[in-house]
Amino acid sequence: MTEIRFDRAPGDRSVFPEKEEKASAGVLVYTIGLIVAAVLTSISFWVANTSLLWAPGIPLGLAVLGIAQMGVHLVFFLHITTGPDNTNNVLALAFGVLIVILVVAGSLWIMANLNNNMIPPRELMDLHMQR
């Protein structure tokens with residue numbers, strides 16, 4: 001007889017309610033997430049404060065560690081998975097990311113436009129002195 005296995009992400013509910021895990025399994029998932037997040041945070045602090053790494057590579061390393069941290073939070077704490085019951089959660093997350101990107105890109109665009117169109121301080125002082 002073949003044994004059917006259903007792979008699940010951490011925190012997903014069981015396919016078979018009669019084989020539901022104990023409450024301690026949920027605590028275990030949160031504890032694993034907490035430990036991984038704490039390790040990533042300590043590595044980030046080490047990367048930011050060490051002189052052993054190539055200096056121009058530090059921002060890229062911190063960005064990678066930050067993205068890994070976001071992944072840990074999404075999977076272990078928010079339980080975002082690719083299951084069919086999580087479609088709304090994934091769509092809400094994608095919409096939130098879209099809004100953040102629009103706000104950041106729009107702010108940068110406005111600041112660049114203002115920077116190009118403002119009067120430089122030296123010309124402004126010359127205008128003031130001519131009066």
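## The loop at Thr 81

Let's start with Thr 81, which sits in the loop between helix 2 (58–77) and helix 3. Helices here are DSSP runs of H or I with at least four residues, numbered from the N terminus. Thr 81 has a relative accessibility of 8%, so it counts as buried. The cut-offs are under 20% relative accessible area for buried and over 50% for exposed, with partly exposed in between (1.4 Å probe, protein chains only).

The side chain of Thr 81 also makes a polar contact with the side chain of Asn 86, at 2.3 Å. A polar contact is a pair of N or O atoms within 3.5 Å; within protein, one must be able to donate a hydrogen and the other to accept it, and residues adjacent in sequence count only if both atoms are side-chain atoms.

## What you're looking at

This is a predicted model: local features need pLDDT of at least 70, side-chain atom pairs count only at pLDDT 80 or more, and totals for chains, interfaces and linings use all residues. Residues are numbered from 1 along each chain as its sequence is written, and side-chain values use heavy atoms, with hydrogens and water left out.

## Around Tyr 30

Tyr 30 is in helix 1 (residues 23–49) and, at 39% relative accessibility, is partly exposed. Setting aside neighbours within four places in sequence, Tyr 30 touches Phe 76, Phe 77 and His 79, where contact means heavy atoms within 4.5 Å. Phe 76 is 46 residues away in sequence, yet its C-alpha lies 6.3 Å from that of Tyr 30. With His 79, there's a side-chain to side-chain polar contact at 2.9 Å.

Now for the rings. Rings of Phe, Tyr and Trp (its six-membered ring) pair if their centres lie within 6.5 Å; planes under 30 degrees apart count as stacked, over 60 as edge-to-face and the rest as tilted. That rule gives one aromatic pair. Tyr 30 and Phe 77 have ring centres 6.2 Å apart and planes at 10 degrees, so they are stacked. The pair ties together distant parts of the chain, Tyr 30 in helix 1 and Phe 77 in helix 2, 47 residues apart. Phe 77 is partly exposed too, with a relative accessible area of 27%.

## Leu 102 in helix 3

Over in helix 3 (residues 87–117) you'll find Leu 102. Leu 102 is exposed, with a relative accessible area of 54%.

Conventions. Helix = DSSP H or I, 4+ residues; strand = E, 2+ residues; numbered from the N terminus.
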